[in-house]
Amino acid sequence: MPNTILIGAQWGDEGKGKIIDVLTERADWVVRAQGGNNAGHTVEIGEERFVLHLVPSGILHEGKRCVIGNGVVLDPVALVEEINGVRERGFEVEGRLFISDRAHVVFPYHRMLDAQGEARKAKGDQIGTTQRGIGPTYSDKAARFGLRMCDLVDPGFPDLLRARVEEKNRVLAAMGAPVADYAEVLASTQEAMTVLGPLVCDTVPLLHAAVQAGEEILFEGAQGIMLDIDFGTYPYVTSSNAGSGGASTGSGVPPNRMHRVVGVLKAYTTRVGEGPFPTELHDAAGEELRKVGREFGATTGRPRRCGWFDAVVARHAVMTCGVDEWALTKLDVLDGFDRIKICTAYELDGKRIEHFPANVREVARCTPVYEELPGWKTPTRGARSLADLPEAARRYLARLEEVTGAPAGILSLGPRREDTLFPEARA
Ligand code: IMP
């Protein structure tokens, strides 16, 4: 049985929530391995809409087991709220949700430092973070100053926390910013731990046993490769490895136990937050993509920046993540367009380039090289096989496969589970 890593192949918000939900049908385990509650996975089941930030969406499937791995940074208070929401909808978490004792913890002072960090940057240098404290928590992890879930269940936790709050308050005070209240942070964390404590364990042997037993694991990526701390548009990125490598380091399941990588790719491109975006549109076409595609962030509600499909970005995902196949989402959003553009390369200082530059100042100078295809001007939703799609839509799809170098194994034509086509339907 294959273990599958699912990653976002653009700047996040590719529609991973729905694809994860569909792939979960076959999985025994669903694992989150990086990021925190900066992510927002939207799942629509029937008329109901769920947005999950930290809990793997596998929790909405009876009998599936879910892991929040060591690579995740988690805000205990936010996680309890989410668990309560899941329970209210009738899903049990006891015995189904396991939280790594190695996962790092987001505290209120991380969120305060996130906000201060952004506010103190010059306009134009701001990253546009989700202000969930993600960057400062990963900074503490790398600086070996963080606290992990195993520390929260340790009897010495109050002293460990006090030392952190005092140090961070010195930094906040030096910035002239409000400081954290130790007693309040301790009380809210301890209260959250009454819910989370029983779910915390060493998830490494648990996943190892699952691998040994041949059970199927789905790794649900958060964000996307262009927000990856190593391969994204640094410094306009998140602070974790959102590419496929993060699935191993963030869960303890080694690379040679991984079998398949699915890249989720929107049929056009969107981005929230700051940073370069070569195919961004500032015209009526961009407006239409935002309106028809309902392009507003699941976590912050911010309007997303919209643009045409960028094959340079997709090829970057193929190379850095080993994408075996695409899950192509939101093709239906293009139903109304007369002409549709695909960016196949960039022009940088008069030269054609095929690969994504490391330097964001160079990326900002890149202009897309486009080819144009005719639109199909026909609703695609309701198609149950590729043969049901208009000829021009099939041609667009085939061209995306050619210019990106990977096949589309899954095609999504709407937010609901039933609006999904699989490769078997290709015949
Ligand atoms: P942070 O992860 O909150 O530090 O934000 C860093 C950058 O990543 C910002 O541009 C955010 O908008 C972006 N970002 C973080 N999480 C997501 C996500 O789940 N989807 C899309 N963008 C995200």
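Leu411 is in contact, that is, has heavy atoms within 4.5 Å, with Leu328, Leu331, Leu386, Leu389, Leu397, Asp419, Thr420 and Leu421, where residues up to four places away in sequence are not counted. The structure is a predicted model, in which local features need pLDDT of at least 70 and side-chain atom pairs count only at pLDDT 80 or more, whereas totals for chains, interfaces and linings use all residues. Residues are numbered from 1 along each chain as its sequence is written, and side-chain values use heavy atoms, with hydrogens and water left out.

Leu411 also belongs to the largest nonpolar core, which has 69 residues and in which Val323, Trp326, Leu331, Leu334, Tyr396 and Leu411 touch the most other members. Helix H11, residues 311-321, gives the most to this core, contributing seven residues. Apart from this core lies another, of 52 residues, including Val30, Val72, Val93 and Val264. A nonpolar core is here a set of buried Ala, Val, Leu, Ile, Met, Phe, Trp, Tyr and Cys residues joined through side-chain atoms within 4.5 Å; buried means under 20% relative accessible area, exposed means over 50%, and partly exposed lies in between, with a 1.4 Å probe and protein chains only. Helices (H or I, at least four residues) and strands (E, at least two) are DSSP runs numbered from the N terminus.

Around the ligand there are 15 residues, of which Asp13, Asn38, Thr130, Thr238 and Arg302 come nearest; a residue is counted as near if one of its heavy atoms lies within 4 Å. The shell around the ligand divides into six nonpolar, seven polar and two charged residues, with Ala, Val, Leu, Ile, Met, Phe, Trp, Tyr, Cys and Pro taken as nonpolar, Asp, Glu, Lys and Arg as charged, and the others, Gly among them, as polar. An N or O atom in the side chain of Thr238 is 2.6 Å from an oxygen atom of the ligand, and one in the side chain of Asp13 is 3.2 Å from a ligand nitrogen atom. For Val272, a backbone N or O atom lies 3.5 Å from an oxygen atom of the ligand. Taken alone, the ligand exposes 470 Å², and the protein buries 97% of that, areas being computed by the Shrake-Rupley method with a 1.4 Å probe.

Asp13 is placed in the loop between strand E1 (4-8) and helix H1 (16-24), and its phi is near 60 degrees, a positive value in a residue other than glycine. Asp13 counts as partly exposed, because its relative accessibility is 22%. Gln223, which is not a glycine either, likewise has a positive phi of about 60 degrees, and is placed in the loop between E10 and H9. The relative accessible area of Gln223 is 9%, and this residue is therefore buried.

Pro235 is found in the loop between strand E10 (217-220) and helix H9 (245-249), and the peptide bond from Tyr234 to Pro235 is cis, with omega near 5 degrees. At 38% relative accessibility, Pro235 counts as partly exposed; leaving aside neighbours within four places in sequence, Pro235 is in contact with Ile127 and Val360.

Thr203 lies in helix H8, residues 203-212, and is buried, because its relative accessible area is 1%. Leaving aside neighbours within four places in sequence, Thr203 is in contact with Val67, Phe98, Ile99 and Ser100.

Notes:
A polar contact is a pair of N or O atoms within 3.5 Å; within protein, one must be able to donate a hydrogen and the other to accept it, and residues adjacent in sequence count only if both atoms are side-chain atoms.
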